Amino acid sequence: MHRYTAHLAPWFDDRCRRASWECRRLERRYRRTETPDDRLKWIEAVRRRFQLYRTVKQEHWFGRLSQHGRSSAPLWRSLSSILGRNRDVVAPNDFTVDDFVTFFTSKVDAIRAATADKAAPPPEAGAVKCFLSTFRLLTQAEVRALIMTSPIKSCALDPVPTFLLREFVDLLLPYVTCMVNLSLRDARVPDSQKHAVITPLLKRPGLDTMDMANYRPVSNVTFVSKIIERAVAKQLHQYLTDNELLPRYQSAYRRHHSTETAMLRVLSDAADANQVTLLGLLDLSAAFDCVDHQLLL
């Protein structure tokens with residue numbers, strides 16, 4: 001099975017490949033001569049190869065985990081990869097594209113209809129004195145940093161692979177910067193960057209693959225649109241932070257805030273004071289798909 005390891009294991013490098021070639025060379029030699037000396041050399045080479053595999057595998061995964069540091073999301077992705085739990089299950093061929101379009105559209109429409117007769121949420125007490133009317137244009141250095149720190153993922157709609165864009169980033173940087181700044185200046189994304197390749201993936205292993213409710217639509221968009229999105233998100237987050245507009249106790253979707261900080265807050269405020277603690281967990285269906293854009297703006 002070691003002949004297929006290179007296609008299955010990310011840690012399989014040139015050292016492992018050379019060791020595998022050497023084992024096969026000694027094996028062929030022993031099959032030809034059938035001498036005890038050649039058999040011993042072949043056995044020793046096999047033992048060295050498996051020892052090398054263990055060493056290289058440990059070096060690869062320990063190095064990969066150490067690179068993430070305290071970044072929990074990539075750390076969990078790497079752990080899932082090690083444990084073989086990150087294999088996404090695509091929908092079976094029994095469902096068509098129209099089936100999923102109808103299902104996901106009707107799902108959001110039904111949720112909206114259930115709350116259509118509700119009154120709009122009241123405004124917060126006290127008018128906000130700050131405004132964000134325009135986005136700041138980025139320098140080439142800022143766009144370069146966004147490109148180099150983005151995950152190396154490509155979309156079928158990209159004209160070139162992401163790794164190729166990163167390799168020639170200094171040559172293409174003026175053009176990408178111009179595209180990003182035009183979007184920031186006009187406060188809009190070009191129509192060419194609004195397309196996505198949508199794949200329905202099973203929410204978690206073990207669910208019924210014949211139930212469309214167990215799938216989530218994953219949109220794969222172009223790399224340039226991701227760069228524009230990150231540029232906007234960075235400025236929005238900076239504006240909200242500087243003007244103290246984020247809820248004080250919000251833990252999700254914030255740097256240095258997570259389930260850990262939320263749990264620490266509960267423990268420090270209630271449990272340590274010998275108070276009864278009640279934890280209510282609320283799961284909102286299609287939460288982001290149901291955000292009213294006009295109300296948000």
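Biologist: How much of this 297-residue chain counts as buried?

Modeller: In this predicted model, 22% of the 297 residues count as buried. To get that label, a residue has to be under 20% relative accessible area.

Biologist: And what is the chain built from, in terms of helices and strands?

Modeller: Eleven helices and two strands.

Biologist: What share of the contacts with a separation of 6 or more joins residues 24 or more positions apart?

Modeller: That comes to 59%.

Biologist: Let's go inside. What makes up the largest nonpolar core?

Modeller: It has 15 residues, and the ones with the most contacts inside it are Leu138, Val143, Ile147, Val176, Val180 and Ile227. At least two residues of this core come from each of α6 (140-149), α8 (169-186) and α9 (223-242).

Biologist: Which residues does Leu138 touch, leaving aside its neighbours within four places in sequence?

Modeller: Leu138 is in contact with Val143, Leu146, Thr177, Val180, Asn181, Leu184, Ala231 and Gln235. There is also a second, separate core of seven residues, with Ala9, Phe12, Cys16 and Val56 among them.

Biologist: What makes Phe12 count as buried or exposed?

Modeller: Phe12 has a relative accessible area of 10%, and the cut-off for buried is under 20%, so Phe12 is buried. As for its place, Phe12 lies in the loop between α1 (5-8) and α2 (14-33).

Biologist: How far apart are Phe12 and Val56, in sequence and in space?

Modeller: They are 44 residues apart in sequence, and 7.6 Å apart in space from C-alpha to C-alpha.

Biologist: Back to α6. Which of its residues are buried, and how do you know whether they sit on the same side or on opposite sides?

Modeller: The buried ones are Val143, Leu146 and Ile147. Around the axis they cover an arc of only 95°, so they belong on the same side of α6.

Biologist: What about Ala286: what is its phi, and is it buried or exposed?

Modeller: Ala286 is not a glycine either, yet its phi is positive, at about 50°. You'll find Ala286 in the loop between α10 and α11 (293-296). With a relative accessible area of 16% against a cut-off of under 20%, Ala286 is buried.

Biologist: Which residues line the second largest pocket?

Modeller: Ala286 is one of them, together with Lys107, Lys203, Tyr253, Asp283, Leu284, Ser285, Ala287, Phe288 and Asp289. About 480 Å³ of space lies in this pocket.

Biologist: How does that lining divide by class?

Modeller: Five nonpolar, one polar and four charged residues.

How values were computed:
Residues are numbered from 1 along each chain as its sequence is written. This is a predicted model: local features need pLDDT of at least 70, side-chain atom pairs count only at pLDDT 80 or more; totals for chains, interfaces and linings use all residues. Side-chain values use heavy atoms; hydrogens and water are left out. A nonpolar core is a set of buried Ala, Val, Leu, Ile, Met, Phe, Trp, Tyr and Cys residues joined through side-chain atoms within 4.5 Å. Buried means under 20% relative accessible area, exposed over 50%, partly exposed in between (1.4 Å probe, protein chains only). Helices (H or I, at least four residues) and strands (E, at least two) are DSSP runs, numbered from the N terminus. Contact means heavy atoms within 4.5 Å. The arc is that of the directions from the helix axis to the C-beta atoms. On a 1 Å grid over the protein atoms alone, a cavity is a set of points where a 1.4 Å probe fits but cannot get out, and a pocket is an open set with protein on both sides within 12 Å along at least five of seven lines; lining residues have an atom within 4 Å of a point. Grid points are joined across faces, edges and corners, and a volume is the space filled by probe spheres set on the points. Ala, Val, Leu, Ile, Met, Phe, Trp, Tyr, Cys and Pro count as nonpolar, Asp, Glu, Lys and Arg as charged, and the others, Gly among them, as polar.
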